[in-house]
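I opened the model to look up its charged pairs and one of its helices. My entries follow.

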Amino acid sequence: VLIIKHKDKLSPDYVPENLPHREEKIKELGFVFRDLLAGDAKDSERVVIVGRTGTGKTATVRLFGKNFEDIAEREYGVKVKYVHVNCYRHRTLYLISQEIANALKLPIPSRGLSAQEVFKIIHEYLDRRNIHLIVALDEFGHFLNTANTEEIYFLVRLYDEISAIIKRISYIFIVNESHSIYKLDRSIRDHIARRLIEFPPYRSMELYDILKYRVDEAFNDNAVDDEVLQFISNTYGYDKGGNGNARIAIETLSLAGEIAEKEGSPVVLLDHAKKANSTINPEIQEIVDSLSYLDLHQLILLKALIRVLNKSKADEVTMGTLEEEYISLAREFNEEPRRHTQVYEYLRKLKVIGIINTRQSGKGMRGRTTLVSLSLPLDKRLDDYIMQQIVVRL
Ligand code: ADP
């Protein structure tokens, strides 16, 4: 059964028409470049975008660039051209200059021109056509690490003798962590970091909206269970202790879809998401490794959780049910069950390790109770491994 309708819309390079929770950042960028719309193509602007991987820096800047080009032309009759350069692939000034020339379809003589000369040709072209160029330098840290000071100065500073070259070109520097900026000379730093837009890691609610939007674009109707979105966004949400990375969240969604298709399921279910997560999540091995540091009763509690989940075929259990199971399992092992407060403490520890999730029940349950679930797929190997760890401690 095919449940993914548009696989390309799940690819990391795809830039959707809307980026939920980044609308403000696009507006901020528009504000930075607002003077260009007045037709003064000679106002060079520069802005630094800082954030961790997967916070939407690339997608947001690309979407901004495309929209801004359109609006400038359509609503203001001003020519703005946007070019996106990845400095991981093009990490020298020369390669950057070539890449910009290519994007503008400028024929560059093959005889050895310096980067500065190529920039001069680019500038003359822009001047002739009255175009303002916005260059996004993505993964700019790679350039900073490889380039020499002179090249860095050329790009980021307005030297008098080259200011004419620079004035038709604005820059958006995209850097992964702010420290690559702080490695720079104070004078350069102050110059480029005058405007800084930060991209914080996504919170769980935000990831949920991002995933939901992607599901609508890429999957067949009703092909993804809501629990899948909740699970992925809670796993990666920054406020829930995750890394806030939308790329990994989308990757998990995409893989969960493939697993569901392979298994012939018409719908992506929580279990598919958990399987996808355990493949993608590099921390999973760490979690398994950390089991060896747990003490006997923590392991018994975990084993009890697996047992009730297996028995009830549910994805979560109430704290009460889990505790009953724990008590009876402890007795099976001839161990005196620990008291309630201690069990709660164990639960907290297991949550910190990342092997379980807990949440408060909403309406519909008597009072409020804690619901406990496993953050890994229920898997026989994991179960055996836990048993083995228990046995060596008895
Ligand atoms: P960064 O450049 O910060 O590492 P990206 O822009 O490459 O992050 O985003 C990673 C992935 O997540 C891309 O596939 C991108 O389309 C998606 N993404 C990031 N933020 C959003 C958002 N707000 N809405 C929709 N998709 C997003």
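Which side chain does D383 meet in a salt bridge? I found K303, at 3.0 Å from N to O. A salt bridge here is a side-chain nitrogen of Lys or Arg within 4 Å of a carboxyl oxygen of Asp or Glu. D383 lies in helix α18 (residues 380-393) and K303 in helix α15 (residues 296-312), so the pair ties together parts 80 residues apart in sequence. D383 is buried at 17% relative accessibility, and K303 is buried at 14%. Buried means under 20% relative accessible area, exposed over 50%, and partly exposed in between (1.4 Å probe, protein chains only).

I noted that this is a predicted model, where local features need pLDDT of at least 70, side-chain atom pairs count only at pLDDT 80 or more, and totals for chains, interfaces and linings use all residues. Residues are numbered from 1 along each chain as its sequence is written, and side-chain values use heavy atoms, with hydrogens and water left out.

Next I checked E325, which forms a salt bridge with R307, the closest N and O atoms being 2.8 Å apart. E325 is in helix α16 (residues 319-332) and R307 in helix α15, 18 residues apart. Helices are DSSP runs (H or I, at least four residues), as are strands (E, at least two), numbered from the N terminus. E325 is buried at 7%, whereas R307 is partly exposed at 26%. I also found R307, K311, E325 and E332 linked in a network of salt bridges.

Last, I looked up K120 and E124, whose side chains meet in a salt bridge at 3.6 Å, N to O. They are four residues apart in helix α4 (residues 115-129), which means about one helical turn between them. My search of the whole structure gave 15 salt bridges.
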